[in-house]
Amino acid sequence: MSTVVLTTFADAKDAYRCRDLRQSLYDEGEVVMADVLVNLHGEEHRDRRRVENRLFRRDTFELYERDLFPDVTAATVAPYVAAGHADLVPMGHELMLNLAALTAGVDRPEGSAEETKRLYAYLMRFIEGATLAHSTRDKDAQRAVIAQALRDWDAEFLAPSIARRQALGPEGAPRDVLACLLAHQDELGLEHEALRREVAFFLLAAAHTSATAFVRSIDHVLGWTDAHPADVERVAADPFFVQRCVHETVRLNPSSPTGRRRALAPVRLRSGVEIPAGATVVIDLLAVNRDPAVFGPDAAAFDPHRDAPQGVAPFGLSFAAGMHVCIGQDLAAGVVPRPDTLAEGHLFGLVTGAVQHMFRCGVRRDPHDAPERDANTARPYWGRYPVLLGGRR
Amino acid sequence: MSYRATVDKDVCLSSGRCVADAPGAFVFDATEIAEAVPGHPGLSDAALVQVARACPSGAIVVVDDEGVEIELL
């Protein structure tokens, strides 16, 4: 079977909008990802997305960003500030897990640290499942462990969360994915295993992609302000600047370095690239988002002052485009501001809020403990990122 | 020159982005699928194109006053 690799922004955007190219990034991760939203195609995808989009709208994001997330962020980070140090990798996942649990609809009735640790352990298993294609370990053994983790998580967390929402009814239930799916169950007809995977997917997608963007953004901002001291004060004071830093980070470091599609029919892109039926299309997002024709000759450099051309998002195609554009894009990255946008009423995204909070808490690299990459995956993740907290940089 | 927009209701994913970005110019119908309000009050041609470009599903079609479709990609 042939493989077509797309490396230009124009081809990638064209491919993402083509209805004859179906998602295939998660083919190896079916243990978690089978028939979840991002893996559906055509009418099945449209119908599920229409239901879930009733939740993933601006008014819900405003509720999360203004009313729910700031307190959770402060409470999660506070013990690390008190200790004076943290490893950003697990701390970022813990923080984003706390936020993602609210979004996905996974309750923690005990409210204890031990309970959160158990949910965190499940989350890490689900992440392994979704990114199995890039694993460097024994994939069959991982699959078995992940499948069991899903069942155990269901018994401990999902089933009680379902019961609580059913008892509350649609009017009293919180605004989250699980409640949305339950309220539209007649329309969707999801079997329990599919509902389980869908909620697990939202938990892992929201937590993992935001956590990696969180660590990478802080890394980029630390590097940028070392070289540009004039911007140090802006990080703590100007959320628009932090949002620019997050967008630039996400452009250079898409959550998945590649998009992948399978051609259901022969496709000819506008540029003339021919894709035969059955071919795999690899969208090289690292190249696409560094396309000098779009982002200029210094496209590979981190520059939060960069202005993307009209019609191009500052984060490139990291959230994809077309019908599979990330449903949580505005939640994670906020809305792209216009020149006349005021801070009041603007959505900055949860990553911006979390990153700015860390800088207000004095985050800085630990001079005696250097960050290290994760050796367990071919994806460019940080394995550990020790920082000092408290006081001023 | 005055552009007009229509929403392909079969393609719309109900993201609500157009309704949030250009309230008055786009609304939800009874089934929460977006539709364009004729005349898109208060929206310039450039702003209309911007809203259409931001539609995740590419459901918004914009034409000029001669009915020629505006390139959005």
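Guide: What follows is a short tour of helices, their packing and some individual residues.

Visitor: What kind of model is it, and what are the ground rules?
Guide: This is a predicted model, in which local features need pLDDT of at least 70, side-chain atom pairs count only at pLDDT 80 or more, and totals for chains, interfaces and linings use all residues. Residues are numbered from 1 along each chain as its sequence is written, chains are lettered from A and ligands numbered from 1 in the order in which they are written, and side-chain values use heavy atoms, with hydrogens and water left out.

Visitor: Start with H10(A). How many residues does it have?
Guide: H10(A) has 36 residues. From first C-alpha to last it reaches 52 Å, close to the 52 Å expected at 1.5 Å a residue. The expected span is 1.5 Å times one less than the number of residues. Helices here are DSSP runs of H or I with at least four residues, numbered from the N terminus.

Visitor: How many of its residues are buried?
Guide: 27 of the 36 residues of H10(A) are buried, so this helix is largely enclosed by the rest of the structure. Buried means under 20% relative accessible area, exposed over 50%, and partly exposed in between, with a 1.4 Å probe and protein chains only.

Visitor: At what angle does H10(A) pack with H16(A)?
Guide: About 45°, with the axes of H10(A) and H16(A) 10 Å apart. That makes H10(A) oblique to H16(A). Axes are lines fitted to C-alpha atoms, for helices over the stretch in contact, and angles run from 0 to 180 degrees between N-to-C directions. Under 35 degrees counts as roughly parallel, over 145 as roughly antiparallel, 65 to 115 as roughly perpendicular and the rest as oblique.

Visitor: Is that crossing left-handed or right-handed?
Guide: The crossing of H10(A) and H16(A) is right-handed. A crossing is right-handed if the near helix is turned clockwise from the far one by less than a right angle, and left-handed if anticlockwise.

Visitor: Which residues make the contact?
Guide: H10(A) brings Ser210(A), Ala213(A), Phe214(A), Ser217(A), Ile218(A), Val221(A) and Leu222(A). H16(A) answers with Leu350(A), Val351(A), Ala354(A), Val355(A), Met358(A) and Phe359(A). Contact means heavy atoms within 4.5 Å. By class, the residues of the contact of H10(A) with H16(A) are 11 nonpolar, 2 polar and no charged. Ala, Val, Leu, Ile, Met, Phe, Trp, Tyr, Cys and Pro count as nonpolar, Asp, Glu, Lys and Arg as charged, and the others, Gly among them, as polar.

Visitor: And H12(A) with H16(A): how do they cross?
Guide: The axes of H12(A), residues 239-252, and H16(A), residues 350-360, come within 9 Å and cross at roughly 110°. That makes H12(A) roughly perpendicular to H16(A). H12(A) passes H16(A) in a right-handed crossing.

Visitor: Which residues meet there?
Guide: Pro239(A), Val242(A), Gln243(A) and Val246(A) of H12(A) meet Val351(A), Thr352(A), Val355(A) and Gln356(A) of H16(A). The contact of H12(A) with H16(A) has 5 nonpolar, 3 polar and no charged residues.

Visitor: Zoom in on Thr352(A). Buried or exposed?
Guide: Thr352(A) counts as buried, at 1% relative accessibility. Leaving aside neighbours within four places in sequence, Thr352(A) is in contact with Pro239(A), Val242(A), Gln243(A) and Val246(A).

Visitor: New topic. What does H6(A) pack against?
Guide: The buried residues of H6(A) pack against helices H2, H5, H7 and H10 of chain A. Among those buried residues are Leu119(A), Tyr122(A), Leu123(A) and Phe126(A). H6(A) covers residues 113-130.

Visitor: Where is Arg48(A)?
Guide: Arg48(A) is in helix H3, residues 42-53. At 6% relative accessibility, Arg48(A) counts as buried. Beyond its neighbours within four places in sequence, its contacts include Asp35(A), Leu188(A) and Glu198(A).

Visitor: What is phi at Asp35(A)?
Guide: Near 50°, a positive value in a residue other than glycine. Asp35(A) sits in the loop between H2 and H3. Asp35(A) counts as partly exposed, at 30% relative accessibility.

Visitor: And Ala320(A), what is its phi?
Guide: Ala320(A) has a positive phi of about 65°, although it is not a glycine. Ala320(A) lies in the loop between H14 and H15. Ala320(A) is buried, with a relative accessible area of 16%.

Visitor: Last one: Ala300(A). Buried or exposed?
Guide: Ala300(A) counts as exposed, at 53% relative accessibility. Ala300(A) is also in the loop between H14 and H15. Leaving aside neighbours within four places in sequence, Ala300(A) is in contact with Leu252(A) and Arg290(A).

Note on methods. Helices (H or I, at least four residues) and strands (E, at least two) are DSSP runs, numbered from the N terminus.
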